[in-house]
Each structure stands twice: as structure tokens, then as C-alpha cells.
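Hi everyone, thanks for coming. I'd like to walk you through one model today, so please have a look at it on the screen before I start.

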Protein chains: 6
Amino acid sequence: MSKILYIDPVGIELVQEGLQVLLDVKQPATEVKMVSLPRGPHHLEYRYYEALVLTDILQLVREAERQAFDAAVIGCFYDVGLQQAREVAERMAVVAPCEAATRIAATLGDKFSIIVGRRKWIPEMMENVVRYGMKDRLASFKSVELGVLDFHRDQAETARRLRQAGREAIEQDGAEVLILGCTATYGFYRELQAELGVPVLDPMVAAFKTAEFAADLVTRLSWSHSKIAAYESPPPAELEAWRLDEQYGHPDMAAWLRQRAKPA
Amino acid sequence: MSKILYIDPVGIELVQEGLQVLLDVKQPATEVKMVSLPRGPHHLEYRYYEALVLTDILQLVREAERQAFDAAVIGCFYDVGLQQAREVAERMAVVAPCEAATRIAATLGDKFSIIVGRRKWIPEMMENVVRYGMKDRLASFKSVELGVLDFHRDQAETARRLRQAGREAIEQDGAEVLILGCTATYGFYRELQAELGVPVLDPMVAAFKTAEFAADLVTRLSWSHSKIAAYESPPPAELEAWRLDEQYGHPDMAAWLRQRAKPA
Amino acid sequence: MSKILYIDPVGIELVQEGLQVLLDVKQPATEVKMVSLPRGPHHLEYRYYEALVLTDILQLVREAERQAFDAAVIGCFYDVGLQQAREVAERMAVVAPCEAATRIAATLGDKFSIIVGRRKWIPEMMENVVRYGMKDRLASFKSVELGVLDFHRDQAETARRLRQAGREAIEQDGAEVLILGCTATYGFYRELQAELGVPVLDPMVAAFKTAEFAADLVTRLSWSHSKIAAYESPPPAELEAWRLDEQYGHPDMAAWLRQRAKPA
Amino acid sequence: MSKILYIDPVGIELVQEGLQVLLDVKQPATEVKMVSLPRGPHHLEYRYYEALVLTDILQLVREAERQAFDAAVIGCFYDVGLQQAREVAERMAVVAPCEAATRIAATLGDKFSIIVGRRKWIPEMMENVVRYGMKDRLASFKSVELGVLDFHRDQAETARRLRQAGREAIEQDGAEVLILGCTATYGFYRELQAELGVPVLDPMVAAFKTAEFAADLVTRLSWSHSKIAAYESPPPAELEAWRLDEQYGHPDMAAWLRQRAKPA
Amino acid sequence: MSKILYIDPVGIELVQEGLQVLLDVKQPATEVKMVSLPRGPHHLEYRYYEALVLTDILQLVREAERQAFDAAVIGCFYDVGLQQAREVAERMAVVAPCEAATRIAATLGDKFSIIVGRRKWIPEMMENVVRYGMKDRLASFKSVELGVLDFHRDQAETARRLRQAGREAIEQDGAEVLILGCTATYGFYRELQAELGVPVLDPMVAAFKTAEFAADLVTRLSWSHSKIAAYESPPPAELEAWRLDEQYGHPDMAAWLRQRAKPA
Amino acid sequence: MSKILYIDPVGIELVQEGLQVLLDVKQPATEVKMVSLPRGPHHLEYRYYEALVLTDILQLVREAERQAFDAAVIGCFYDVGLQQAREVAERMAVVAPCEAATRIAATLGDKFSIIVGRRKWIPEMMENVVRYGMKDRLASFKSVELGVLDFHRDQAETARRLRQAGREAIEQDGAEVLILGCTATYGFYRELQAELGVPVLDPMVAAFKTAEFAADLVTRLSWSHSKIAAYESPPPAELEAWRLDEQYGHPDMAAWLRQRAKPA
């Protein structure tokens with residue numbers, strides 16, 4: 001049995017539909033909790049917003065490890081804080097959507113396209129695609145020119161734009177697989193997949209299922225982050241000496257995680 | 001529940017210890033079968049040997065799909081026939097060790113090394129590392145100068161060589177994670193991992209666990225190979241018209257798979 | 001004088017026009033033979049078909065070396081079996097169209113486009129372009145949406161499509177040189193070249209002329225495949241012990257090569 | 001005349017010697033201020049520490065723009081927050097040491113090496129080297145196995161290690177130029193340069209001089225960050241609506257910058 | 001104070017407007033001289049023309065160093081002779097427009113486009129973009145199909161074409177910054193920048209300002225070309241023994257530089 | 001029958017042994033001429049020397065085309081002037097050693113090493129290796145620390161150094177094929193090849209044999225340089241109007257080529 005935390009890294013109330021997406025696809029033995037942040041912007045379209053929430057995400061990850069989660073998902077397609085979280089996590093797996101979805105996509109076809117909300121997002125996502133070694137597998141980014149908070153305002157219009165972008169990616173750019181490049185696009189992938197006839201990866205689902213996989217690897221095989229070099233954790237003595245938890249930690253993050261996370 | 005076929009793509013009797021490796025790490029609900037080939041060389045160190053067994057591997061994969069397996073593993077670190085198998089498989093996932101292990105490794109650290117048996121193997125494996133987008137994550141290939149059939153002749157000596165190669169990879173080449181680059185190295189990774197203090201990925205296990213993951217994605221989400229372009233399957237009418245099954249198919253492959261595969 | 005074997009790796013009768021293409025361009029002292037396979041699909045558009053014919057191609061290559069050919073051409077633009085053939089050939093040169101044509105093209109201009117029959121072909125050909133180091137020289141793949149067996153059904157229509165694709169490649173994609181990406185396109189390049197005003201490389205001719213060159217290098221300079229690492233040949237003792245020729249060899253391949261190859 | 005802020009992004013008192021380094025190399029008309037952070041770890045060797053100080057760095061950058069600085073330097077060789085700062089800065093240039101030093105080095109020779117304190121640092125710095133397009137110009141990273149706080153403990157020993165690492169980089173790795181990969185190495189480059197006979201770039205100086213250059217480009221030519229895509233700034237209305245300054249801003253950062261920055 | 005030589009590497013009288021461009025943007029303490037060649041073609045659109053003027057450029061560079069210039073600019077966007085000049089210059093900095101402009105552009109946004117005169121120019125400029133590590137930052141080359149000598153024939157038409165090419169680069173290709181890819185485009189960037197709302201880099205200005213920067217680094221920090229490997233200068237003894245100056249040097253280059261260079 | 005000019009691009013008397021190397025390996029019907037330059041340095045180790053001889057090389061190439069040669073070889077492993085020569089040649093093939101040798105090597109094994117005289121040479125040669133798409137096939141550069149003029153001073157010592165460098169390349173760097181990286185190393189490859197058991201490519205021979213091949217392609221197939229973009233030739237009207245031949249041409253190059261070229 002795995003215990004997985006899904007972090008929605010924004011300062012808003014959790015959307016119940018988002019959680020339902022995970023419940024629909026989880027393995028029977030998986031326990032899911034979902035949590036948002038005690039403060040923060042309502043979306044992370046800007047690098048500045050990512051910077052603001054970064055410390056709280058890392059406090060949640062550290063707290064999740066203390067509360068014995070096996071894996072945590074950082075639920076933003078920028079994969080914000082993924083590497084930092086792997087540095088601070090001692091053993092718990094940490095997963096994020098862009099890495100998870102691109103790696104799945106690369107096994108399902110030769111080339112994939114990522115459908116994003118706005119052109120603004122592309123440079124940062126491209127950096128991640130390069131970091132993950134997927135540059136030569138990317139057919140294109142397609143933008144539907146919708147902000148994160150727009151996806152669910154007019155769902156029919158959103159579906160229409162995603163469908164059109166997907167069709168262009170397939171017919172003009174050579175995509176064989178599509179990835180939805182924002183966790184706020186939950187709810188659209190199944191219908192798109194049926195209509196377009198190619199795999200359409202929901203980033204929330206891709207990350208969550210990868211977290212189940214990663215948790216299994218940690219639990220059964222102890223295949224967790226190497227603590228040499230890239231993910232060497234900071235020494236507790238320094239955190240203590242410089243009172244870093246006191247200065248940066250959210251005072252009631254432990255309680256927040258315990259109480260506010262939506263169990264399922 | 002997933003039903004997974006592990007193909008040992010050589011023409012020798014199955015080694016019981018190999019199967020045990022999978023039984024030790026599988027999820028409770030997974031059903032495993034293991035099968036070798038009805039004919040063939042005893043190892044695949046040469047591209048020529050790979051060429052010889054390729055058709056039989058693909059017949060097994062097609063037969064496995066008919067017998068309702070959810071995923072198949074092609075158990076050779078050259079990933080022989082992986083792309084061809086994804087072309088012929090209509091829906092069943094197909095997984096192979098190098099792709100599986102390098103993708104896991106890339107989430108556990110910045111750089112990994114692959115420990116191989118002989119220098120001869122490196123160029124073909126490097127091609128796969130490049131194809132999988134992992135070139136910049138590869139710290140080095142290390143060769144222990146042992147053939148496939150040598151790994152279990154003197155296990156203490158093999159362990160000693162793997163340990164030394166691993167240590168050099170970590171200390172001199174910058175590796176943070178190690179991958180054993182031959183499925184015949186089963187049985188060594190746990191001890192190495194304990195001794196060296198970094199994750200050591202067994203390719204057989206990495207591929208098998210990835211197959212469980214891939215089977216889950218197919219079953220719950222219909223995320224299977226895109227049938228556009230790279231993995232478009234050959235048209236049945238052509239197979240029929242040119243009598244390809246008759247000319248190349250092994251007459252009793254269905255029976256071979258049904259009877260000889262070791263259930264677990 | 002060089003003796004060169006051109007293998008048409010499909011299970012159909014040889015097309016006389018194909019052979020004539022080679023006779024028209026060979027050096028006076030070159031002896032050419034052309035042979036197809038004793039069985040097999042009628043085209044190789046699918047990886048599965050390539051897998052099926054691979055063993056027979058390699059038997060032909062081995063037999064050609066025994067019959068003292070200086071070079072063999074594997075006549076399919078997927079370059080199927082090229083690396084395996086170089087592994088089994090002890091000294092005889094082995095050449096294939098994509099490698100040959102891209103290397104010539106790279107000396108004639110900065111960028112070239114490859115005109116293919118169907119989109120399906122592109123991912124595998126792209127892998128070869130990458131392997132040959134030509135990715136940055138490729139302007140584009142252009143597809144005329146014709147199968148291998150369609151090129152000579154309506155030659156005027158084929159010529160029209162090739163011309164249009166070529167023109168787009170030159171004007172929109174930046175191509176300075178064109179490569180026809182299928183050996184079944186023989187007969188079209190001279191007219192295209194005259195019309196479009198850029199070099200148009202016929203893959204059959206490019207491979208054959210490169211085979212003359214390679215044969216000359218082997219004969220005069222002993223510059224043949226290095227038998228270290230990538231092209232180390234399998235040890236005869238293993239072939240013998242595991243009865244591989246008996247199990248996979250075509251019983252009358254020697255006779256087939258001797259009798260069916262079209263001399264010129 | 002340019003007004004430049006040098007941020008030492010750690011929570012310790014400013015080291016007077018560091019400031020002197022800048023005073024020694026500035027153009028006559030340049031006004032320099034140096035400031036550290038009101039809280040924070042004493043070095044940034046871990047990604048976690050970078051995450052902690054990130055928000056305060058960005059508040060300083062925003063405040064510096066309000067106080068009419070022409071350019072800001074983020075004084076850590078990880079270039080922490082460089083891209084985020086360019087997003088929030090409307091017009092003021094932002095510069096960081098790794099980008100600055102590698103770009104200078106690439107004009108002074110074909111290959112350079114970066115001498116770092118600890119192996120731990122290499123993966124993150126390598127990501128920056130790749131992002132800056134300098135991967136093929138990097139001869140090697142050399143580690144002297146000293147932490148940030150160790151460089152000035154025993155300066156003779158530090159000089160000895162830097163010299164030895166530099167010599168190895170030149171003689172074994174092909175370096176023609178050396179970069180010191182930590183801003184805490186101030187004070188060592190001139191002597192090293194004289195001893196080794198190649199340019200040795202001090203990262204603090206390289207960043208500061210680049211800031212003078214960037215400030216000049218902004219002032220005279222309005223060549224500042226493009227506000228399309230990558231560096232599009234967050235909309236003030238959102239910052240307001242979600243009370244982000246209130247929640248994340250340091251209450252007295254404006255005063256801190258005004259009072260604590262060391263003028264020169 | 002820096003003394004900078006701007007070489008217009010063609011055999012025509014200097015255009016006064018060009019010099020004015022530099023005077024308008026220089027730092028107060030900078031002394032500029034501009035010089036053309038005593039012979040040569042009127043533009044350098046062909047590699048052959050570059051070859052012809054190369055020796056005279058290098059003589060000018062050597063003479064400039066003798067006459068105590070701190071930096072020289074080779075004013076052609078092909079960066080003709082840049083590496084050769086760095087080899088012969090002992091200490092004086094040498095700068096060229098493509099290197100200078102692409103490095104500035106890369107700090108102002110994620111992607112830039114280069115607007116060129118003719119398609120002919122692209123392959124050679126692309127080689128430089130690759131050499132400078134900027135391939136992944138290049139959004140596109142856009143051609144306005146005007147020769148070097150056409151830019152100032154009908155300035156309104158030129159401005160119109162540059163504007164349209166710039167707009168397409170921004171809207172279709174993802175450019176955030178524009179570079180004008182010919183030094184003969186002086187006079188257009190400010191208006192374009194205002195109209196298009198993104199930084200537009202004039203290559204002449206970018207190179208000249210970079211020369212001021214480089215001169216400052218040489219003067220204050222002795223950061224000049226490493227004389228190991230790539231830029232090792234030819235030994236004077238060989239020049240003497242083979243009478244190379246006598247055979248290739250222009251007899252009155254020293255006088256030419258002294259008299260014809262336009263002081264400012 | 002092909003007529004090939006081999007240019008030894010230095011200002012010294014031709015070495016008869018060099019010509020003999022070509023006579024020993026040419027096809028019966030090939031006519032060879034060899035010529036050096038009427039002036040120039042005695043070797044081209046510096047970019048400056050290459051710059052000096054460039055114009056004369058191009059005059060020779062143009063003159064060779066007028067005198068009906070089918071191909072010209074520029075006999076320096078820097079491939080000096082190769083691209084410029086392809087621009088000025090209308091139809092005649094132009095070949096150079098590094099391009100020729102690396103392309104042959106890439107068909108003979110997976111990785112090759114290049115043995116050079118001095119470290120100084122490596123950066124420029126590496127640029128060519130990258131341009132030719134061979135970066136991933138290069139195992140290493142090995143330097144024997146001998147200048148061009150040293151190779152034949154003590155041939156036994158030279159052979160010893162080449163052998164040792166070759167052995168290290170094979171055993172430590174993974175090379176399967178060796179290339180001698182200077183045309184002045186003629187006379188050594190056969191013995192090295194026999195001793196080391198891998199193909200050893202002489203650059204002079206590799207270039208010359210490739211010229212025979214290229215000449216054959218031009219003659220029989222009209223596969224010559226595309227005159228679009230990269231190799232578009234300068235317009236004769238400009239050469240005329242600006243009196244470029246008069247200003248840069250060597251007055252008696254036609255006679256030089258006719259009389260001084262050593263026929264064979």
C-alpha cells in the first residue's frame with residue numbers, strides 16, 4: 001500500500017473535481033491526500049509566483065516525509081521545486097507532471113506535442129523538456145491562449161481549442177502523442193483521446209500514476225534519490241545553527257498537512 | 001490485476017533464479033510468466049544473434065497479445081526488437097531494460113553509469129542511450145570484461161568486479177546511480193547497493209516493474225502506443241496476401257507460450 | 001576491377017529497370033550482380049517486415065563474401081541490417097542508401113531534404129540521419145503520400161508529386177540538395193535535377209557508387225570494418241556449437257545467389 | 001554614470017574585502033552599492049538554501065529598481081534567481097556570475113574550466129552552462145573540495161589547491177581559460193593568472209563588470225529585457241488582488257536596501 | 001579611456017553616417033577610429049570576397065595593436081577573420097558583430113531572430129551561431145531579400161521589409177529579441193524597436209559597445225586572449241624567416257591606418 | 001578517366017615522396033597533378049598562415065576548373081578554404097582531408113581518434129569535426145607533440161609516437177579506427193595499420209581517393225555543388241567591376257599550374 005500526497009501549489013481552496021480525477025485512476029491499495037498551500041497566488045504562470053510558493057512547497061514535502069508519505073506530487077506543469085524537493089527528501093519519492101508525462105509519452109510514439117495555455121509558458125517548459133532529454137522527441141508546443149484560470153470558465157470553448165490545437169499538432173507538426181501542459185486541464189483528456197485517436201496525457205494523472213510507480217520502487221527496492229552530489233541533503237546542523245526552520249518555516253504546516261489534506 | 005510476460009530472448013532453458021527475482025519484487029496482483037525461445041543462441045552479445053532471434057521475439061509478442069497479456073518485457077539490455085514490437089502490438093505495452101532503467105535512473109540523481117560485460121556492447125547500448133535522450137545523464141560505461149555466460153560462473157569474482165567498476169564510476173566519473181547493463185547480472189544489485197551507498201538498478205527488475213506500470217496505464221487509461229507513424233501496425237491484408245505468418249512464423253509458438261512459459 | 005552485389009531485400013522478382021539504372025552509371029571495370037530474396041514481403045515500409053527479412057539479408061551478405069564480392073549494397077532506404085552486416089562481414093564492404101546519399105549530399109550544399117513516400121517512414125529514417133551525424137544538415141522530410149508499390153503505377157503523377165515536394169523543400173525549407181528517400185523511386189532523378197536546378201540524389205545510385213568507392217578502399221588500402229567493438233564478428237565456434245546456420249540459414253542461399261543474381 | 005547594486009545573497013554581515021574587490025575594478029563613473037540579506041543561510045551550497053533566499057532576492061531586485069539602480073548583480077555562482085529577477089525587473093538589467101564569466105571566457109579561448117569548491121555543486125552549475133550554450137566550450141569542472149566558508153580560512157592552502165586544479169585543467173583537460181566557480185574566491189585570481197599564464201576569471205568581478213556593460217546598454221540604447229514571453233512581468237493587479245507583497249514581502253526591505261547597502 | 005578601431009572591411013570610402021552611429025552611443029572617454037580597406041570588394045556577401053579581404057583585415061589588426069588601440073571591431077556580420085585576428089593579436093581585444101549581438105540578445109530574452117538580407121547568407125551565419133553556442137536560442141533567420149548595397153537605396157522600403165520580417169519573427173517564430181544581421185542596416189534599429197516593442201540590436205552598435213567592454217577588461221584586468229592552443233600566435237621567427245610580411249603585407253598599411261581612419 | 005589536382009597549400013618545393021603516395025593508390029584511369037604555392041609559409045599550423053595562403057588556393061582552384069580538372073584536393077587537414085572553393089567552383093568537385101577521412105572512418109567503426117601533431121591544432125580541427133556531423137563519433141584527439149616539419153626528421157621516433165598514441169586511443173579512449181591528422185604524416189599508415197590491427201587512415205590518401213569518387217559523381221551524374229545558398233558563386237560582373245582578379249590574382253597562376261604541377 002502506498003501513501004501519496006498530491007500538492008496543488010497555489011493558495012486557493014482545493015477543487016473537488018481535481019481530487020476526483022485521482023480517485024478515478026488510482027490503484028486500489030493507494031491512499032491519496034491532496035493539499036493546497038496556506039497562502040499564495042492563484043496560479044503559477046510567472047516565475048515570480050513560483051519563487052513565492054517554493055519555500056512552502058518544500059516545507060510541505062519535508063512535512064510529508066515526516067508524516068510517512070511514500071511519494072509526493074508537485075502538481076504544476078512547470079515542475080516547480082522538483083529538484084529542490086529531491087534534495088530535501090531523504091527517501092520519499094518526489095514526482096512532477098512534465099517529467100512524468102514526457103517520459104510516458106516517449107514510450108508511446110516517436111514525437112509528442114505539448115498543448116499549453118499561453119506562449120509565456122513555453123520557454124520555461126522547454127528548459128524542462130531539454131533537461132529531461134526529450135528535446136528531440138518534442139514535435140511542438142501549441143498554445144490555446146487561455147490562462148490557467150480560464151480552462152474551466154467555458155469548458156466547451158476550452159475543449160474546442162484543445163481539439164483544434166491537437167489536430168494541428170498531429171497533422172502539421174508530426175505529433176503522435178499529446179500532452180496537456182497544465183494541471184488545470186483536468187477533465188478533458190478522455191474525450192480528446194477518443195476524438196483524436198492518439199494518446200492524450202493528462203499531466204495530473206501522469207504525475208500521480210508515476211508517483212504510485214515511484215513509491216513502489218522506493219518501498220520494494222529502496223530505489224530512491226542518490227544522496228551523492230545533485231541530491232545531497234543540507235546538513236541538519238546548519239539548519240539548526242542558522243535557525244532556518246524558524247525563519248522560513250510555516251508555523252503550522254504540520255497541522256495544515258494533517259487537517260487540510262483531502263483524504264480519499 | 002496485470003498479466004505480464006517476461007521474454008528471455010535466447011534459445012536456452014529458463015533459469016529458475018531469474019524468475020525468482022521477479023517473484024520477489026512483483027505487486028501482489030501481478031501475474032508473471034517467463035518464457036525463453038524455442039531456438040537460438042545462448043546469449044545476444046552480437047548484433048547478428050539479435051537479428052536471428054528477432055522474428056521469434058516478435059511472434060511471441062504477437063502471440064502474447066492474443067493470449068491477453070497486458071505487457072511484455074523483452075529481457076535483453078540491448079532492448080532488441082523494442083520498437084518493432086511496439087509496431088506489431090495493437091494495445092499491449094512492451095518494455096525493455098535499457099529504456100526502463102535509464103529513465104528510472106534519471107529521476108534518482110543527475111548522472112548514472114552503466115556497468116557492462118564487454119567493450120563490444122558499448123556502441124549499440126550508446127545508440128539506445130542517445131535514442132532515449134539520456135546521453136547527457138550518462139557518466140560513463142564501465143566494462144568488467146565478462147561475457148554474458150560468465151557472470152554466474154564465479155559469483156564472488158563477478159561481485160568483486162562489479163563493485164570495483166561501480167566505485168570507479170562514482171569516484172572518478174561522477175556517477176550518482178548505477179545500472180547493471182545485462183539481464184544476466186541478476187542477483188547482484190542488492191548487495192552492491194548496500195555496499196556502495198547509491199541506487200543500483202537491476203535491469204531485469206527495472207524492466208519488469210516498468211511493465212507493471214505500463215500495464216496499469218494501458219488498462220486504466222488506454223495510454224498505449226500511438227498508431228500514427230512510428231508504431232503504425234502492418235495491415236493484416238498484406239500479411240495474409242504475402243503469407244508472411246506461414247513463411248516466418250514458428251508453427252507452435254502459441255503452444256510454446258502456453259506450455260513453456262513459467263507461471264508464477 | 002570490383003565485384004559488387006546489390007541486394008533488393010524483398011521477396012519479389014527483380015525489376016529489370018532497376019538493374020539498368022546501375023548499368024548506366026557503373027565504372028567500366030565494375031561487375032554488378034543484383035538479387036532479391038527467396039521469400040519475403042513485397043516492400044519494407046514496416047519495421048516488422050524489416051525484421052522478417054533481416055536474417056536472409058545477412059545470409060546473403062555472408063554468402064556474398066564467400067563468393068568473393070568486394071562490396072554489397074542493401075537496397076532499402078531504411079538501411080536495414082547495415083550495422084549487422086558490417087559485423088558479420090569479415091572484409092567485404094557493406095553499403096546502404098541513406099548513409100551513402102546523406103554523406104554525398106552533405107558535400108554538395110549546406111542543407112538537404114529527403115522526399116519520402118509516407119509519413120510512417122520518417123521516424124525510422126530520422127534515427128538514421130541522427131546516427132550518421134546529419135541532423136543539422138537536414139532541411140526537412142517531405143512526404144508525397146505514396147506507398148513503395150505506388151511509385152511506378154502512375155509515373156506522371158509520381159513525377160508531379162516529387163517535383164512539388166522538391167520545390168517546397170527548396171523554397172520553404174531551405175534545401176539546396178534533394179534526396180529521394182526510397183529505392184523504388186529509380187528513374188526519376190535526372191529529370192527532377194534538370195527541372196529543379198539542384199542536385200537530386202537517387203538512393204540506389206548513391207549507394208551503388210559508394211559501394212564502388214568502398215570496394216576500391218578495401219582492395220587497394222585494406223580500409224575495411226574495424227573488428228574491435230562495434231563490428232567484432234561472432235566467433236565461428238559459437239555458430240557451430242549452437243547450430244545457428246542450420247537453424248536460421250536458408251538451405252540453398254548459396255545456389256540462390258549464384259543462379260538468381262542478375263549479372264551485368 | 002551607472003548605479004549598480006551587488007547583492008550578496010546570504011544572511012550574514014557583508015565582508016568588506018568583497019566590496020574592495022569591486023572598488024578596485026570599477027569605472028570611475030560607476031556608483032556601487034553592496035548589500036546582503038536580512039536573514040538566511042551563510043552560504044548557498046544547497047538548492048534548498050537557494051530556495052529559501054529566493055523571495056528576498058527578488059524583493060531586493062524590485063526595490064532596487066524603485067530606487068533607480070541601473071543594474072543588479074546576484075552574487076552567487078549558481079546564478080540563483082537570475083531568470084526570475086529578469087521577469088520582475090521592468091527595465092533594470094540583472095546579471096549573475098556564471099553567465100557573465102562563461103560568456104567572457106568564451107571570447108578569450110576555445111575552452112575553459114570552472115574550478116568549484118565541492119562536487120555537490122557541479123550538476124546545478126552544469127545546467128547553467130548548458131542553458132548558456134557553453135557546454136561545448138567547457139573543458140572540465142575541477143573540484144578543490146572546499147566549502148564556501150572554507151576558502152578564506154587558510155588562504156595559502158586555498159591558493160595551493162586552486163593552482164593545482166588550474167594546472168590540471170590546463171594540462172590534462174585542455175583548458176585555455178579558468179573561471180573560479182564561487183564568489184567567495186575573491187582575492188585569488190590575480191596571482192593565479194600571473195602564475196598560470198592564462199586568464200583567470202573572478203566571478204564577482206566578471207559579473208560586476210558585465211553589470212556596468214549591461215547598465216550602459218540599458219541607459220544609452222534601451223536594450224533591456226524583452227517583455228514578451230520569457231520575461232513577461234506579472235500583472236500588478238494580481239499582486240494586489242492576492243496581496244502577495246503583504247504575504248511574502250519583507251516589511252522593511254526598502255529601508256534595508258537604503259541603509260544597509262554599503263555605498264562606495 | 002579606451003581607444004577603439006572599427007574596421008569596415010570593404011574597399012570603399014567610409015560612409016559618414018556609419019561613424020555617426022558610433023559617436024552617438026559611445027562612452028564619453030572612448031576614442032573611436034573607423035577605417036575601410038585600401039582595396040577590395042564593396043560588400044562581403046560571398047565567402048570568396050571574405051577570403052580576399054582577410055589578409056588585409058589581419059594586417060590592420062596587427063597594425064592597430066602596434067598603434068596602441070585597446071580593441072578592434074571587424075565590422076561584418078559574418079565575423080570574418082575574428083578567430084584569426086585573436087590569434088595574431090597579442091593583447092588587444094578583437095570583437096565582431098554576430099558574436100557580440102547574439103550574446104547580448106541571449107540575456108534579453110529566451111529566443112531571438114536574425115533578420116538577414118539574402119538567403120545566401122544564412123548557412124555561414126548559422127555556423128557562427130552554432131560556434132557561439134546560441135543555436136537553441138535562435139528562433140529563426142528571416143530574409144528580406146535585399147543585398148548589402150540595397151539597404152540604403154530606398155530606406156522606406158527597407159524599413160517596411162525589416163518591420164514585416166520582425167513582426168513575423170515575433171508572432172510566428174517565437175522571437176522575443178531581434179538582431180539586424182548586416183552592419184549596413186545602421187540607422188534602422190531605434191525606430192523598429194519603438195514600433196515592435198522588443199529590443200532590436202544593431203550589429204554595428206552591439207559590436208562597438210562590446211569592444212568598449214572588452215577593452216575595459218583588458219586594461220583593468222588583463223583578461224585578454226589566452227595564448228595557449230586556439231589563439232597561440234605564430235612565432236615571429238617564422239614570419240621573418242619566410243618573409244611573410246614582405247610577401248603578404250600591404251606596404252603602407254601603417255600609414256593607411258594613421259591617415260585614413262576617421263577619428264571621432 | 002578523371003583528372004585530379006592535388007594542392008599542397010604551402011610555399012615550398014613539392015616533396016616527391018608525397019606524390020608517390022598518390023601514384024601508389026590511384027585508379028588506373030586517373031590522371032593526377034600535384035602543385036604547391038608560388039609563395040607562402042612552410043606549414044599551416046596557425047590560422048594566420050591559413051589566411052595568408054587562402055587567396056592563392058582559391059586562384060588555383062579557379063584556374064584548375066579552367067584547365068578542365070574534374071576535382072581538386074586541398075591538402076591540409078584543417079581543410080583550409082574548402083567551403084570557399086566550393087563556392088567559386090562552378091562544377092569541379094573540391095575535397096579536403098578531414099572531411100574525407102572522418103566520413104570514411106565513420107563507416108568502418110563506431111568511433112575514431114585523430115592523431116595530431118600539436119595541441120594547438122585541436123580547436124580548429126574540432127570545429128570541422130562538428131561541422132561534418134562527426135562529434136559523436138570522435139573518441140579523442142591525441143597529440144604527439146611534433147610540428148608539421150618534424151614528422152620526417154626522425155621517422156623512427158615519429159612512428160614510435162604515432163604507435164603509442166594510437167594504442168592509447170584504442171585501449172583507453174575507445175577508438176576503433178585511427179586517422180592521422182596531418183598530410184605531412186604520409187608514409188606511416190600502412191605499417192601502423194598492420195601493427196595496431198585497426199584501419200589507419202592517411203589523410204592525403206583519404207582525400208585523394210574521395211576526389212576520385214567525387215569526380216566520378218560529377219562526370220557521370222552531374223552531382224556537383226548546389227548553386228543555391230551556401231555555394232552560390234559570386235557574380236562575374238562584380239569581380240569585373242571591382243577588378244578583383246587584377247587586385248588579388250596571382251599574375252602567372254595559370255602558368256604556374258600548367259608548368260609546376262607535377263604530372264603523374
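Predicted model: local features only at pLDDT ≥ 70, side-chain atom pairs only at ≥ 80, totals over all residues.

Let me begin with a question: in which sense do strand 7 and strand 8 of chain C pair, and over how many bridges? They pair in the parallel sense, and there are 2 bridges between strand 7, which covers residues 177-180, and strand 8.

In chain C it is an open sheet of 4 strands in the order 6-5-7-8, with parallel pairing. Strand 6 (138-143) and strand 8 (200-201) of chain C are at the edges with a single partner strand each, so one side of each has no neighbour in the sheet. As a reminder, strands of a sheet pair through backbone hydrogen bonds, either parallel or antiparallel.

What lies across this sheet? Helix 4 of chain C, residues 97-108, lies across strand 5 (112-116), strand 7 and strand 8 of chain C. Helix 4 runs at about 170° to strand 7 of chain C. Then there is helix 6 of chain C, residues 155-171, which lies across strand 5, strand 6 and strand 7. Helix 6 of chain C makes about 150° with strand 6 of chain C.

Let's move over to chain E. Here too we have 4 strands in an open sheet, in the order 6-5-7-8 and with parallel pairing. Which strands are at the edges of this one? They are strand 6 (138-143) and strand 8 (200-201) of chain E, and each pairs on one side only. Strand 7 (residues 177-180) of chain E joins strand 8 of chain E in the parallel sense, over 2 bridges, and I179(E) has L201(E) as its bridge partner in strand 8 of chain E. Helix 4 of chain E packs on the sheet and touches strand 5 (112-116), strand 7 and strand 8 of chain E, with its direction at about 170° to that of strand 7 of chain E. Helix 6 of chain E, residues 155-172, packs on the sheet as well: it touches strand 5, strand 6 and strand 7 of chain E, at about 150° to the direction of strand 6 of chain E.

Stay with helix 4 of chain E for a moment, please. Helix 4 (residues 97-108) packs with helix 8 (residues 203-221) of chain E at an angle of about 85°, and their axes are 8 Å apart. These two helices of chain E are therefore roughly perpendicular to each other. From helix 4 of chain E come P97(E), A100(E), A101(E) and I104(E), and they meet P203(E), M204(E), A206(E), A207(E) and T210(E) in helix 8 of chain E. By class, this contact of helix 4 with helix 8 of chain E has 8 nonpolar residues, 1 polar and no charged.

On to chain D, starting with its strands. Strand 5 (residues 112-116) and strand 6 (residues 138-143) of chain D run parallel, joined by 5 bridges. Within that pairing, I114(D) stands opposite F141(D) in strand 6 of chain D. How is the β-α-β unit of strand 5, helix 5 and strand 6 of chain D handed? The unit is right-handed, with helix 5 of chain D covering residues 122-131.

Chain D also has its helix pair: helix 4 and helix 8 of chain D pack at about 85° with axes 8 Å apart.

Finally, how do the chains meet? Between chain D and chain E, 34 residues of chain D are in contact with 34 residues of chain E. On the chain D side, helix 4 (97-108) and helix 8 (203-221) each supply at least two residues. Helix 8 of chain D gives the most, with 7 residues. That side of chain D divides into 18 nonpolar, 8 polar and 8 charged residues.

Other chains do not touch: chain B and chain E have their nearest C-alpha atoms 16 Å apart, and for chain A and chain F, which do not touch either, the value is 16 Å.

Key
Residues numbered from 1 in each chain as written. Chains lettered and ligands numbered in written order. Pairing = 2+ DSSP bridges. Right-handed = clockwise from strand over helix to strand, strands pointing away. Contact = placed C-beta atoms within 7 Å. Axes fitted to C-alpha atoms, helices over the stretch in contact; angles between N-to-C directions. Parallel < 35°, antiparallel > 145°, perpendicular 65-115°, else oblique. Nonpolar A, V, L, I, M, F, W, Y, C, P; charged D, E, K, R; others polar.
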